[in-house]
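Student: Let's go through this structure together. I'll ask, you answer.

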Amino acid sequence: SAARFDQWYRNTDGVNLGYLLEIAFAANGGVVTFQSKNFFPVDGTGFGNSGGKRKHNFSFTTELHTRFWYRGGEAFSFSGDDDLWVFVNERMALDLGGLHPPASGTIDLDAVADRLGLRVGEEYTLDLFHAERHSANSNFRVDTTIEFSQCGQVTPELL
């Protein structure tokens, strides 16, 4: 429901718990990459792991807020099996929402600069929202040439 969705990225007593998470990007041949084929950052915390053969803490969200200087030529790519929305300059730039098998998407900032209101030499926000609703795997990969100027906090919330 809309009311339950509204709780995904808000701290709500009795519904979810917030945690700080550090994600380290590594140099990877001209891009920086964060990749996890087993992205379960809240295992063993919160409301506990799922029972049975699935020994992970599913049903969590992750959000990242950062800033970057648009220099021209940057790209941001995501691959994963979960919901993902990326906003640049407070405008939707990538929508991989909904239940789906592994999917990928790329934001070529030059190609969408006008739509996103970007001008070379200016600083902008990048906001990422991720939802782990799958009950078997959790794959999360970001490849980017964006140089983040203010790395914020990544906060997974267990629903």
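Student: Which residue is the bridge partner of Val32 in E10?
Tutor: This is a predicted model, where local features need pLDDT of at least 70, side-chain atom pairs count only at pLDDT 80 or more, and totals for chains, interfaces and linings use all residues. Residues are numbered from 1 along each chain as its sequence is written, and side-chain values use heavy atoms, with hydrogens and water left out. Strands are DSSP runs of E, at least two residues, and helices are runs of H or I, at least four, numbered from the N terminus. In E10, Val32 is bridged to Thr144.

Student: How many bridges join strand E3 and E10?
Tutor: Strands count as paired if DSSP finds at least two bridges between them. E3 covers residues 31–36 and runs antiparallel to E10. The count of bridges is five.

Student: In what order do the five strands of the open sheet lie?
Tutor: Strand E2 (26–28) and strand E8 (103–108) each have a single partner strand, so one side of each is left without a neighbour in the sheet. Those two are the edges. Pairing is antiparallel, and the order is E2-E3-E10-E5-E8.

Student: Gly80 is in strand E5. Is Gly80 buried or exposed?
Tutor: Buried means under 20% relative accessible area, exposed over 50%, and partly exposed in between, using a 1.4 Å probe on protein chains only. Contact means heavy atoms within 4.5 Å. Beyond four places in sequence, Gly80 touches His100, Pro101, Pro102, Ala103 and Asn139. Its relative accessibility is 4%, so Gly80 is buried.

Student: Which residues have the most contacts inside the largest nonpolar core?
Tutor: A nonpolar core is a set of buried Ala, Val, Leu, Ile, Met, Phe, Trp, Tyr and Cys residues joined through side-chain atoms within 4.5 Å. The largest one has 30 residues. Elements supplying at least two residues each include strand E4 (60–69), strand E6 (83–88) and helix H2 (113–116). The residues with the most contacts inside this core are Phe76, Val86, Val88 and Leu109.

Student: How many residues does the second, separate core have?
Tutor: Among its members are Trp8, Trp85, Phe129 and Ala131. Phe129 has a relative accessible area of 18%, so this residue is buried. The second core has five residues.

Student: Why is E9 described as largely enclosed by the rest of the structure?
Tutor: E9 pairs with E4 in the antiparallel sense over 10 bridges. Thr61 stands opposite Ala131 there. Six bridges also join E9 to E6, again antiparallel. E9 is largely enclosed because its buried residues number nine of the 10.

Student: What kind of ring pair do Phe87 and Phe129 make?
Tutor: Rings of Phe, Tyr and Trp (its six-membered ring) pair if their centres lie within 6.5 Å; planes under 30 degrees apart are stacked, over 60 edge-to-face, and the rest tilted. Phe87 in strand E6 and Phe129 in strand E9 are 42 residues apart. Their centres are 6.0 Å apart and their planes are at 85 degrees, so the pair is edge-to-face.

Student: Where in the protein chain is confidence lowest?
Tutor: pLDDT is the predictor's confidence in each residue, from 0 to 100. The chain mean is 85, and 91% of residues reach 70 or more. H2 is highest, at 98. The lowest mean is 46, in strand E12 (residues 157–158).
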